[in-house]
Amino acid sequence: LRDGLRVYTTLDSRIQRHAILAIEEHLNEYKKAFDATWDWKKYPDILKDNVDKYIKESEGYKKSKNVESRDSLFQVMRLDSSVIDSVKNLAKLIEVGFVAINPHNGHILAMVGGRNFRAFKYGLNHVTQIRRQPGSAFKPFVYTVALDNGYPVCFEIMNQPVTVPLPDGTRWTPQNYDLTVGGKFTLREALKKSINLVTVRATQEIAPPKQVAEYAMRMGIKSRVRPYESIGLGTVEVSPLELTSSFTAFPNEGVYVEPIAILRIEDKDGNIIEENQPERKEVLSKETAYLMTNLLEGAVNEGTGTAVRRYFYLPAAGKTGTTNDYGDAWFVGFTPQIAAGMWVGFDDGRIKFGSGDGQGGKAAAPIFGRFMQHTYEDPDIDLPVEYFSKPDGIIQDTICVEMKKKAREWCPQKMVELFNAKYPIGLCE
């Protein structure tokens with residue numbers, strides 16, 4: 001303000017308004033469902049810790065002149081019903097981190113770092129400053145590796161229990177969300193329905209954890225990625241910004257563009273002090289990027305992300321994410337023009353959603369749908385309807401539904417499937 005600097009950002013104020021509106025519309029409704037299930041009487045220790053923290057961060061406590069006055073104020077405030085009520089409301093405030101990125105140039109179009117900037121201006125930016133487990137929103141890295149290793153989307157894996165011995169002598173036994181087992185699932189169906197056991201078996205059979213970790217880091221994950229067998233279920237902690245930016249390689253034909261927010265800075269005389277250009281690198285083939293986009297379209301159209309379709313009907317793809325304890329809900333998705341990711345949860349990690357409403361498909365996906373609806377319907381933005389571009393290396397062929405091989409005349413039920421022309425067709429089993 002004093003030097004007359006001009007800072008040019010990538011932010012689009014119209015898209016920013018739509019992001020804020022979508023979040024408020026959804027969370028104002030969603031909060032009612034959560035409040036109806038949360039009972040502070042079951043969590044006295046969590047309440048006590050949050051009350052103590054609130055008091056110690058209050059101005060009166062910080063300005064107390066000596067230990068005696070601080071202790072006296074502390075005891076009075078701990079018994080003040082108005083303080084306790086305020087803490088109850090603040091502690092169970094549903095937080096959000098939302099970011100929208102142009103996948104073709106890396107421009108950050110909108111960012112919502114929290115629910116209420118005026119009240120929490122010194123709080124965390126929940127897009128850049130938190131790292132949480134993304135759950136199933138990390139699964140696309142596993143399936144990307146599988147496709148790059150030459151396995152077709154119709155390749156089948158058993159949906160059977162898995163037991164993994166751990167170094168400490170214990171065993172890890174992952175389960176599906178609905179506790180079901182049995183049968184074979186293609187890669188397409190497994191990702192669409194977010195089947196945990198198939199994903200874990202994929203890391204054991206066709207997409208090794210070390211390779212999954214390498215792909216995740218190549219595609220934009222900056223946090224440390226440990227190549228454990230649980231990697232496919234999202235046990236790595238990531239920020240919403242890095243996870244969202246990693247998905248941008250899918251609609252951008254395999255090219256990852258590092259996200260940027262500041263284009264340039266000029267002084268009062270127009271001299272350029274700083275100028276930024278996005279860094280670009282090819283991380284996937286066009287064919288793999290398109291096949292993954294197609295699989296993720298299935299997750300939105302028929303799978304765990306169908307809540308998006310209550311609001312938005314144009315081409316879109318994405319993946320939900322839910323942690324085991326329902327503490328974190330995610331959705332990361334994209335259209336041909338915009339990628340957007342969101343985390344929904346609580347600052348106090350001990351506060352959880354209930355199992356009935358804590359899934360990413362319920363807590364986060366509707367925000368994506370509302371946001372895209374508002375953005376694409378805005379006549380001032382006037383985004384054209386676009387479809388994901390299929391590269392020449394993707395071909396279609398007819399396979400037998402039961403055998404998953406190239407269909408012959410005696411096949412009772414047939415379906416059209418997509419294949420990468422570089423690999424043999426029909427080797428789905």
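Colleague: On what basis are residues and features reported?
Modeller: Residues are numbered from 1 along each chain as its sequence is written, and side-chain values use heavy atoms, with hydrogens and water left out. Because this is a predicted model, local features need pLDDT of at least 70 and side-chain atom pairs count only at pLDDT 80 or more, whereas totals for chains, interfaces and linings use all residues.

Colleague: How many helices and strands does the protein have?
Modeller: Helices (H or I, at least four residues) and strands (E, at least two) are DSSP runs, numbered from the N terminus. The protein has 13 helices and 16 strands.

Colleague: What is the radius of gyration of the protein, and how does it stand against the globule rule?
Modeller: The radius is taken over C-alpha atoms, and the rule is 2.2 Å times the number of residues to the power 0.38. For 429 residues the rule gives 22 Å, and the protein is close to this, so it is as compact as a globular protein of that length; its radius of gyration is 24 Å.

Colleague: What share of the contacts with a separation of 6 or more comes from residues 24 or more positions apart?
Modeller: A contact means heavy atoms within 4.5 Å. Among contacts with a separation of 6 or more, residues 24 or more positions apart account for 70%.

Colleague: Which cysteines does a disulfide join?
Modeller: A disulfide is a pair of cysteine sulfur atoms within 2.5 Å, and by this rule the count comes to one. The S to S distance is 2.2 Å, and the pair is cysteine 400 and cysteine 411.

Colleague: Where in the chain do these two cysteines lie?
Modeller: The pair links distant parts of the chain, eleven residues apart. Cysteine 400 is in strand S15 (residues 394-400), and cysteine 411 is in the loop between S15 and strand S16 (414-420).

Colleague: Is the disulfide right-handed or left-handed?
Modeller: The torsion about the S-S bond of cysteine 400 and cysteine 411 is about 95°, so the disulfide is right-handed.

Colleague: Is glycine 358 buried or exposed?
Modeller: Glycine 358 lies in the loop between strand S14 (339-345) and helix H12 (360-363). Buried means under 20% relative accessible area, exposed over 50%, and partly exposed in between (1.4 Å probe, protein chains only). With a relative accessible area of 0%, glycine 358 is buried.

Colleague: Which residues does glycine 358 touch?
Modeller: Residues up to four places away in sequence are not counted. Glycine 358 then touches Tyr30, Thr322, Tyr326, Asp328, Ala329 and Phe353.
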